[in-house]
Amino acid sequence: MSTLKIPVRKFDAVIVGAGGAGLRAAIQLSESGLKTAVLSKVFPTRSHTVAAQGGVSASLGNSEEDHWHWHMYDTVKGSDWLGDQDAIEYMCRKAPEVVVELEHFGMPFDRTDEGKIYQRPFGGHMSNFGEKPVRRACAAADRTGHAMLHALYQRNVRANTQFFVEWMALDLIRDETGQVLGVIALEMETGEVVAFHAKATIFATGGAGRIFYSSTNAFINTGDGLGMAARAGIALEDMEFWQFHPTGVAGAGVLITEGVRGEGGILRNSDNERFMERYAPNAKDLASRDIVSRAMVTEINEGRGCGPNKDYVLLDITHLDPATIMKRLPGIREISIQFAGIDPIKAPIPVVPTCHYQMGGIPTNYRGEVVNQDGSVVKGFYAAGEVACASVHGANRLGTNSLLDLLVFGKSSGDSVVEAIKQNNVAHKDLPENFADLTMARLNRLETQTDGSSVNETRLELQRTMQKHCGVFRFKDMMVDGVAKILEVEKLVAKTEIKDKSKVWNTARVEALELDNLIEVAKATMISAEARKESRGAHVRDDAPDSEAFPNGRNDAEWHKHSLWHREGNKLSYKPVNMTPLSVETIALKTRSY
């Protein structure tokens, strides 16, 4: 199909992704009267936000005193001082507003006896600038993301948002000035390719956890937004920072929410010892995720793991009242029975750290606008949620700040689009003549390639390489090897083919296109990680250990900066962390301990 024959559909705005961020942005656009298209690979309520369990953070103070400034401090500290303090202040100040707004959309939060939104403790959430744990996570049992998606989707139905379900965006359309004019997308059922021509494009495509072999992420989390942005010449920020959630079901990777520990769950080793007291004497099992994950891996590596292979630890809630488990953690009990064969009322759950969340992504400001290295805005392009890096999470995300990120920056990107289109009375710009050439070349290659590599085998090679060379602990030589290996995998990806062309079903084509995105994310991650010669947050290197000169292995003099990976030539550049909040004093650098 030539570019000239590709059908073009015009909208005021196109949103790619129908998880929490995409749906929240769509509400702002549709309710303001803009003609809005939302593209999603799956039905909106099946987006990966549905898997979020524990809660959404907001300093409502419903159970005890809390303050947005304390929340901001915890987020900056959790980020290991790599988060931008203007964006973090914006998010934490907006939190109570967006959570109450969500409640008014019909979100069925759990309630306190007084009828207020129920809040539970969570890792790294402290009162009075790190003094003691505080109840800040607003929860709907252990199905918070599920409840949120349904509330947001129903609000969009009311607002007449137009959904394109089972459509996969393939590439951004940019003109010679660099302005984004929409996306080229594939209808997954028919294979039809369509250009969505828009005045504004918002990416809310979620994360890319499927670059790792063991992940809590759904199979759809293939970094599509990141791949499209990289191919369009946009740098990716802080891609070395990946959070490994402490508690995935051993052998399955399915997530066990941090809310289990918030309700009183305890991690134990093979000696039945509550080992977190040794690593985080104050916060214990509710330390931040990177610290708990490393403590667990250390216990396993030092021979105190459980099971026949001593390769996991135990999450114990047998001391909790069964009625509490049934009320507050019903889904977790179900997951444990189904995936571990264990009823947590009677026995502890076997858990291991599992890849969970990307802190990096497409660089944005707190308005949701995509920005270049010099801070200038990429016209017509916005991003929100896990695909974006407003840098509120820095080197390590605090639990429940992900759902907050979706709400705050989904709304803020939507507001920015409404403002840009309505105030400036924006018209559609003409599409460049060759706007789909590269996309069509990729699609044609899949149909014509012979003697190429298998999509499935190549993806497995990519995932195993990332798991082995770029996991919870990172080793200098392993990462150097990892860079070489991932560049070899890239050569295989460049010649993948659909093996049986006579019976081809579009899932095979979609998986091949997803692999094109996964390899971009894997390269960005491995190259950025090998280059960062310090330990910070979730990125911990054996050659940057804890010392008096560099507490926790962090080297602020040389490495207190954001990385930017450029696809052209696999080059890295760096930009400063924004240490200037919007209205309060800077939260100064200090050693991070719990």
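How many bridges pair β3 with strand β5, and in which sense do the two strands run? Strand β5 covers residues 132-138, and β3 pairs with it over two bridges in the antiparallel sense. Two strands count as paired if DSSP finds at least two bridges between them. Strands here are DSSP runs of E with at least two residues, helices are runs of H or I with at least four residues, and both are numbered from the N terminus.

Before I go on, a word on the source. This is a predicted model, in which local features need pLDDT of at least 70 and side-chain atom pairs count only at pLDDT 80 or more, while totals for chains, interfaces and linings use all residues. Residues are numbered from 1 along each chain as its sequence is written, and side-chain values use heavy atoms, with hydrogens and water left out.

Back to the sheet. It is an open sheet of three strands, antiparallel, in the order β3-β5-β4. Its edge strands are β3 (56-57) and β4 (119-127), each of which pairs on one side only. If you want a residue to look for, Ser-57 stands opposite Ala-137 in β5. In general, strands of a sheet pair through backbone hydrogen bonds, either parallel or antiparallel.

Next is strand β17, residues 377-383. Five of its seven residues are buried, so β17 is largely enclosed by the rest of the structure. Buried means under 20% relative accessible area, exposed means over 50%, and partly exposed is in between, with a 1.4 Å probe and protein chains only. Which way does β17 run relative to strand β9? Strand β9 (residues 193-203) and β17 are parallel, joined by three bridges. Thr-201 has Phe-381 in β17 as its bridge partner.

With strand β16 (residues 369-371), β17 pairs in the antiparallel sense, over two bridges. Here Val-371 stands opposite Val-377. The two strands form a hairpin with five residues between them, and Gly-375 in the turn has a positive phi of about 90 degrees.

Stay in β16 for a moment, where we find Glu-369. Is Glu-369 buried or exposed? Glu-369 counts as buried, because its relative accessibility is 13%. Contact means heavy atoms within 4.5 Å. Not counting residues up to four places away in sequence, Glu-369 touches Pro-363, Thr-364, Val-377, Phe-381 and Tyr-382. The side chains of Glu-369 and Asn-365 are joined by a polar contact of 2.9 Å. A polar contact is a pair of N or O atoms within 3.5 Å; within protein, one must be able to donate a hydrogen and the other to accept it, and residues adjacent in sequence count only if both atoms are side-chain atoms.

Tyr-366 sits in the loop between β15 (362-363) and β16. Tyr-366 is partly exposed, at 24% relative accessibility. Leaving out residues up to four places away in sequence, Tyr-366 touches Asp-86, Ala-87, Tyr-90, Phe-409, Ser-412 and Leu-582.

Now the helices. Arg-24 lies in helix α1, residues 20-31. Arg-24 is buried, with a relative accessible area of 1%. Which side chains make polar contacts with the side chain of Arg-24? One is Gln-28, at 2.8 Å, and another is Glu-101, at 2.9 Å. Apart from neighbours within four places in sequence, the residues in contact with Arg-24 include Phe-105, Leu-152 and Lys-411.

Helix α5 (residues 224-231) and helix α15 (residues 506-531) have axes that come within 8 Å and cross at roughly 75 degrees. The axes are lines fitted to C-alpha atoms, for helices over the stretch in contact, and angles run from 0 to 180 degrees between N-to-C directions. Angles under 35 degrees count as roughly parallel, over 145 as roughly antiparallel, 65 to 115 as roughly perpendicular and the rest as oblique. α5 and α15 are therefore roughly perpendicular to each other. Among the residues that meet are Leu-226 and Met-228 in α5, and Glu-514 and Val-521 in α15.

Last, two loop residues. Glu-166, between β6 (162-165) and β7 (167-174), has a positive phi near 65 degrees and is partly exposed at 42%. Lys-310, between α8 (289-301) and β13 (313-316), has a positive phi near 50 degrees and is partly exposed at 40%.
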